[in-house]
Amino acid sequence: MIAAIDKNLQRGIKLLEAISDEQYSDTSIPPYYSSIGANMRHILDVFACIFDGLNRKCVDFSDRERNQLAEQKTESGIAYFNEVIEQLYCLEAEDFDTIISVTDDLGTGKVTANYTLGSALIQAHSHAIHHFASIGFIINQLGIELPDADFGYNPTTPKKELVK
């Protein structure tokens with residue numbers, strides 16, 4: 001699990017290493033006017049919520065850090081990616097079965113449910129892929145090349161064969 005999450009998060013780092021701070025923080029693309037940086041920071045905030053609440057076994061996805069610097073400066077974004085990846089590698093396989101209380105606001109107020117740490121990490125990983133797809137749209141509109149062909153694709157999504 002950790003290797004798969006790391007591999008996906010490395011795609012984010014690869015993108016950030018290839019773009020400018022101006023491209024990273026550009027909010028000119030409709031319809032949401034959200035930047036690459038805002039999406040990246042949001043992805044990492046979800047992982048950070050897990051690690052912040054792990055010792056208490058109480059995770060609140062609605063209590064996110066929202067570090068503005070991490071969404072405006074590629075260097076800060078890369079540092080945030082590396083912090084999350086470092087914390088992933090501190091986990092042991094047996095930790096994945098740990099029961100944690102997870103809270104989030106689903107739109108009508110906060111709801112709490114029991115997860116395993118593994119299920120929370122799977123959710124955060126899938127959430128990252130989903131946001132990478134949104135970032136892919138922004139990248140396309142800004143004329144930036146995708147970091148790799150799998151950026152933003154869920155491994156279970158069928159891909160069309162390219163006609164040669």
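Predicted model: local features only at pLDDT ≥ 70, side-chain atom pairs only at ≥ 80, totals over all residues.
The residues of α1 that are buried are Ile2, Ile5, Asp6, Asn8, Leu9, Arg11, Gly12, Ile13, Leu15 and Leu16. An α-helix has 3.6 residues a turn, so residues three or four places apart point the same way. The length of α1 was also examined: at 1.5 Å a residue, its 17 residues (residues 2-18) should span 24 Å, and the C-alpha atoms at its ends are 25 Å apart, which agrees.

The packing of α1 with α3 was then described in geometric terms. Two packed helices are described by the angle between their axes and the distance between the axes. For α1 and α3, the angle is about 150° and the axes are 12 Å apart. Because angles over 145 degrees count as roughly antiparallel, α1 and α3 are roughly antiparallel to each other. Their crossing is left-handed. At this contact, Ile5, Leu9, Gly12, Leu15 and Leu16 of α1 meet Ile36, Met40, Ile43 and Phe47 of α3.

With a relative accessible area of 10%, Arg41 is buried, because buried means under 20%. When residues up to four places away in sequence are not counted, Arg41 touches Arg66, Asn67, Ala70, Glu71 and Tyr80.

A further buried position was examined in a strand. Ser101 lies in β2 (residues 99-105), and at 19% relative accessibility this residue counts as buried, since the value falls under the 20% limit. Apart from residues up to four places away in sequence, Ser101 touches Lys57, Cys58, Val59, Thr112, Ala113 and Asn114. Of these contacts, Thr112 is 11 residues from Ser101 along the chain, and the C-alpha atoms of the two residues are separated by 6.6 Å.

Note on methods: Residues numbered from 1 in each chain as written. Heavy atoms only, no water. Helix = DSSP H or I, 4+ residues; strand = E, 2+ residues; numbered from the N terminus. Expected span 1.5 Å × (residues − 1). Buried < 20%, exposed > 50% of the residue type's maximum accessible area, 1.4 Å probe, protein only. Contact = heavy atoms within 4.5 Å. Axes fitted to C-alpha atoms, helices over the stretch in contact; angles between N-to-C directions. Parallel < 35°, antiparallel > 145°, perpendicular 65-115°, else oblique. Left-handed = near helix turned anticlockwise from the far one by under 90°.
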